[in-house]
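Reader: I would like to go through the terms applied to this model and see what each one rests on. Please set the values against the cut-offs.

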Amino acid sequence: MSDEMIIKTGEGKLVDEVYESPVDRWQHRVRGLVMLIVLAVIALIVIYLLWYFVSDHTREYSDIQEHFKYGSIGSEPGGTVLTPVGGVLPPYLVFKTLPKVCPDKLPGGYASLGLVFEPNHDMPIGVSRRWRLGVEQVGLNCAVCHTGTVRETPNSQPMIVLGMPAHQLDLERFFNFVISCSLDDRLTATNVIQKAEDMGEHVSLMQKLILSTALIQRLKLQTLEQQNRMGFALNPPIPPWGRGRVDTFNPYKSLQFNWNLRALPQSELIGASDFPSLWNQRPREGMHLHWDGNNTSVDERNLSASLGAGVTPVTVDHASLQRIHDWIWTLAPPRYPFAIDQSRSARGKAIFDQQCAECHSFGGGKTGTVENLASINTDPYRLNSYTYIFCVNQAALYPESRYRFTHFSKTDGYANQPLDGIWARAPYLHNGSVPTLLDLLQDPASRPKQFVRGYDVYNQEKVGFVYDTPEARSAGSLYDTSIPGNGNQGHLWGTKLPPDQKRDLIEYMKTL
Amino acid sequence: MDNDVIFQPLQFRNLTVKNRLFRSNISGRFDNYDGSGTQTRINWEESFARGGVGAIISSFVPVHLRGRIMPNYAMIDSDDKVPFWRALGDAVHRHDCKYILQLSHSGRQRDNPGVENFRQKGLSSTSRMDTFHGLLCEAMTLQQIKETIQYFADGARRAREAGLDGVELHASHGYLITQFLSSAINDRTDQYGGNLQNRAAFLLEIIRAIRKEVGADYHLQAKLNAVDFSNALYPWEKKGNTLAEGIQVAKWAEEAGVDAIHVSIGSIFPHPLLPPGGFPPDELNWWYGTMISSGVLGYFNYTMFHFRLLRPIFTFFWARTKKDHPIEAVSSQYCREVKKNVSVPVINTGGYQDGSVIRRVISEGYTDAVSIARPLVANRDLPQILQSGKDLPDKPCSFCNRCLVNAVANPLGCYDVRRFDGDHDRMVAKIMEVFHPSQFSTAAPGSQLM
């Protein structure tokens, strides 16, 4: 080897070849292995953490009814750990322990708010669980607002009717409780962990770490923001929604568009109306949906409703929503569960066909169209809460996504609804201001001024829920028609019928 | 104080020392890289003699280059080193102080092998690496054992030729002879491994070879572990030799011809129990770096010393055995057991400074004399202070072991800045006095340091 060649080999090579000590040799031998082990351990930790914080999985229910009750539609918080989006409820452990953390704020637990619990389920119907962002999250699904209970007598077991309006649910108090307890000083990681363990939950070390270091703090910040945005719509002077009702669009104005609700006129801030039923959607496609008929697409209406449950285009579980869509597309309305006087019913059918069918039967000339407010003359608040400017904003929501709304419009009245399963859709009118069908057929001045909503024992005579017994008063909440938005005026059709014909008519309506 | 036990002469078979205070083995990197001695070492040793100790036991003096702990320590591996040692002995003798040269071989325990040893592993009884720094080694062949025994004998001969007063075999603290003695280290299957007798054969053959070389009338002592405590640092290590085994080795050494036993403990150096006291992580962070490439665990250790978050992990292991032992007179109880079983005088080392403690261990039969290193580095005049009736100097040694950790990189001296009222410059100036007078100055050698 010439000198020139040595120089060309380069310094590093010379050093390696000339000076290698036993320590070098040993280290070179094991260093690769050690580095491999270190890298493997780091890789495993990274993979584990990625799996932990990025994985998104939820329980799949093969049975569609179970899926409807407990399956996730993607309303749990999602996105990324750094920029979470969506969701209206705190994580599972917090949600589960809230009633124990703030017992004074909800002495009867979630059931007292009208959430329906079944045996062997720790979450009520309508609350789904999903692993997202490194935490077991909970979210609301369709069933929370669309599952009702019915009893024959105060001593009967309740029947759970899927797709029926959740007439017993006080959603506003539910949200207010979650917000209030989330911000309560007693809501600490230590308290949540202790209460959860008292309730038999195994809280892993990682979960304790997440709860203690970030989760509770972040929850409080998010809840504060939520309260700042929509708290105004959920508290006086805006009248309470009461059981079985929701103000769809006012929280929407603040949460989605960040409008300052205080700047809106009170007339636009009152919009509570009844939960609708979910069955039989196929024949409704193309009809004016929502109480004021502001949308003609079942899919858009579904998606819009799921936004209210906390879904976003980022977090939506499209396949899950599609399953529900397919199910409710053909879901039959529930059969009236009690006896029907067939002869009365037959007489009532003739009256119905003559007096009601044009607006309320599938195939009726005006069914699914909007009835001008001047004509129907029912309470105007719900109509007025959905404003033109709001409608325009909806069209601009998620403009880049496949979920962009294109079917919303501002109307001038309330839509004529098909009356399938009408027995289960009490109380009546868009704002639930009339407790029974028989009362609806009375002149507005004779309709009950105050009644109890949310009691699930059925009044077979009047067709609707019992609203004036002591049991009803202790179980439900009082509805006052004198409060803005709660008016029970209008819809005079049928009020002039003779009493006997009214009986016949409502007997027939049990069969719809 | 008349009749003070500390200042009674100690009579060995071939040597009499004026008092019971021995300067224990300690030195810095004061010599030439190749192991030839310098004026600095003479300054160093003479300063202790001037301070009043009865005898000085040299620092680790390698009998062969391959058995060197680190460069810049004077060696006794060749005849041309004799004049230096003679000059050193003469300097010490001027102060009525005896000088005992410690014949040593590091075996695998080479903190910094130096360029000459860079490409060879250390020699040992075993091929398993040292457990602290990961110092690599290879088991000695029978031929290498035979040669090494002769290196020790040659070293003893040279010490006698240099007019020194005796030699000590360094058979403790994990160096080569310990590597043969200890059941935790020696894994040989030949006549130098297995039972205690086989493991002790290397030591006993060295003693006999030295006696053959220098005769029966030259002082020869052995520094032995009473107990190994090999698992003091890492609990997963073997325990090593027990007290009973340590006593047995001492008895055999006496039978083979040693004139005294110097009792210590610990099968590595440093060891959590010896030198007793602190193990300052800040100094380790600053100076352990010089040892990183010496062993395969160097970088691991350095990482532990460097990061404050990791230090508690190492400290936990270092302190786990230490907490059950005193700092002062750390091995005295084991020394007493050795002393009961041998008839030659014993010297004990480990945490001696306080006069009352020293008097007690001597008068109560724990030992015949004590050897001291760090407290003398701090106060060269400790013997005079004790003789004056005081038990402690005004600024005593704190046993912080900063000197120990600095020794691998810096000139040896007291690095406890608290003893200098926090004045770092004054501390360094004191340390640097060892270099004066230099070989070319006109002042009398060693006249500065005191």
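**Terms and their grounds**

Author: The buried residues of α12(A) are S320(A), L321(A), I324(A) and I328(A). The model is a predicted one.

Reader: What makes S320(A), L321(A), I324(A) and I328(A) buried?

Author: A residue is called buried if 20 or more other C-beta atoms lie within 10 Å of its own. S320(A), L321(A), I324(A) and I328(A) are buried residues of α12(A), so each of them meets that cut-off.

Reader: How do you know that the buried residues of α12(A) line one face of the helix?

Author: Viewed along the axis of α12(A), the buried residues fall within an arc of 95°, so one face of the helix is lined by them. An α-helix has 3.6 residues a turn, so residues three or four places apart point the same way. On the other side of α12(A), the exposed residues are A319(A), D326(A) and T330(A).

Reader: What covers the buried residues of α12(A)?

Author: The cover includes α4 (64–70) and α11 (298–308) of chain A.

Reader: How do you know that the length of α12 of chain A agrees with its number of residues?

Author: Helix α12 takes in residues 318–330, which is 13 residues, and at 1.5 Å a residue these should span 18 Å. The expected span uses one less than the number of residues. The end C-alpha atoms of α12 are 19 Å apart, which agrees.

Reader: Why are β1 and β5 of chain A called edge strands?

Author: The open sheet has three strands in the order β1-β4-β5 (chain A), with antiparallel pairing. β1 (57–58) and β5 (135–140) each pair on one side only, and that makes them the edge strands.

Reader: Which residues of chain A have pLDDT below 50?

Author: The mean pLDDT of chain A is 91, and 96% of its residues reach 70 or more. Residues 1–16 are the stretch where the pLDDT is below 50, and this stretch has three contacts in the model beyond near neighbours in sequence.

Reader: How many residues of chain A are in contact with chain B?

Author: Five residues of chain A are in contact with eight residues of chain B. The chain A side has three nonpolar, two polar and no charged residues.

Definitions and conventions
Residues are numbered from 1 along each chain as its sequence is written. Chains are lettered from A and ligands numbered from 1 in the order in which they are written. This is a predicted model: local features need pLDDT of at least 70, side-chain atom pairs count only at pLDDT 80 or more; totals for chains, interfaces and linings use all residues. Two residues are in contact if their C-beta atoms, placed from the backbone, lie within 7 Å. Ala, Val, Leu, Ile, Met, Phe, Trp, Tyr, Cys and Pro count as nonpolar, Asp, Glu, Lys and Arg as charged, and the others, Gly among them, as polar. pLDDT is the predictor's confidence in each residue, from 0 to 100. Helices (H or I, at least four residues) and strands (E, at least two) are DSSP runs, numbered from the N terminus. A residue is buried if 20 or more other C-beta atoms lie within 10 Å of its own, exposed if 12 or fewer, and partly exposed in between; C-beta atoms are placed from the backbone. The arc is that of the directions from the helix axis to the C-beta atoms. Two strands pair if DSSP finds at least two bridges between them.
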